[in-house]
Amino acid sequence: MSKEKKSKIEINGKEIEVKVKQLTFFDIQAVAPLLSDGSVDFSQYWRYAFNHWLTYDSEFNIENLTPSEGASLSAILPQPSEVVGWLLFREPKSAKSNTSSTGDQ
């Protein structure tokens, strides 16, 4: 498993070290309800991701982020479209047989 990623991002005029959690299958599944309503409002997804997938070396109020600060934080996380792709269930692959049914025709 790889180590947490670290970035330095300026928030409220102060450089803050941000650590990104190594995401798991269950982390992605936890945001499924936030992305399943078909809305283009991703604010709940970003609130969840900023609060659960990032840790900060200083405290600040997430609700007061400027658009550029929010964009800097979101750039180090998976985008909603990427997460939706991970959530899509696909048909199971068929098991391969050791013998071919068409081999001796």
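Mentor: First, a rule: two strands pair if DSSP finds at least two bridges between them. Helices (H or I, at least four residues) and strands (E, at least two) are DSSP runs, numbered from the N terminus. This is a predicted model, where local features need pLDDT of at least 70, side-chain atom pairs count only at pLDDT 80 or more, and totals for chains, interfaces and linings use all residues. Residues are numbered from 1 along each chain as its sequence is written, and side-chain values use heavy atoms, with hydrogens and water left out.

Trainee: OK. How many bridges join β2 to β3?
Mentor: There are 3, and the two strands run antiparallel. Take V20: its bridge partner in β3 is L54.

Trainee: What is the strand order in the open sheet?
Mentor: β1-β2-β3, 3 strands with antiparallel pairing. β1 and β3 (54–56) stand at the edges with a single partner strand each, so one side of each has no neighbour in the sheet. On average, neighbouring strands are turned by 35° against each other, direction ignored.

Trainee: Which helix packs on the sheet?
Mentor: Helix α4, residues 67–74. α4 touches β1, β2 and β3, and its direction makes about 175° with that of β1. Contact means heavy atoms within 4.5 Å. Axes are lines fitted to C-alpha atoms, for helices over the stretch in contact, and angles run from 0 to 180 degrees between N-to-C directions.

Trainee: New topic. Where does N12 lie?
Mentor: In the loop between β1 (5–11) and β2 (14–20). Most residues other than glycine have a negative phi.

Trainee: Is N12 buried or exposed?
Mentor: Exposed, because its relative accessibility is 56%. The cut-offs are under 20% relative accessible area for buried, over 50% for exposed, and partly exposed in between (1.4 Å probe, protein chains only).

Trainee: And how far apart are L65 and N12 in space?
Mentor: 8.0 Å, C-alpha to C-alpha, though they are 53 residues apart in sequence. L65 sits in the loop between β3 and α4. L65 counts as buried because its relative accessibility is 17%. Leaving aside neighbours within four places in sequence, L65 is in contact with I11, F50, F60, G70 and L73.

Trainee: What about S58, buried or exposed?
Mentor: Buried, because its relative accessible area is 17%. S58 is in the loop between β3 and α4.
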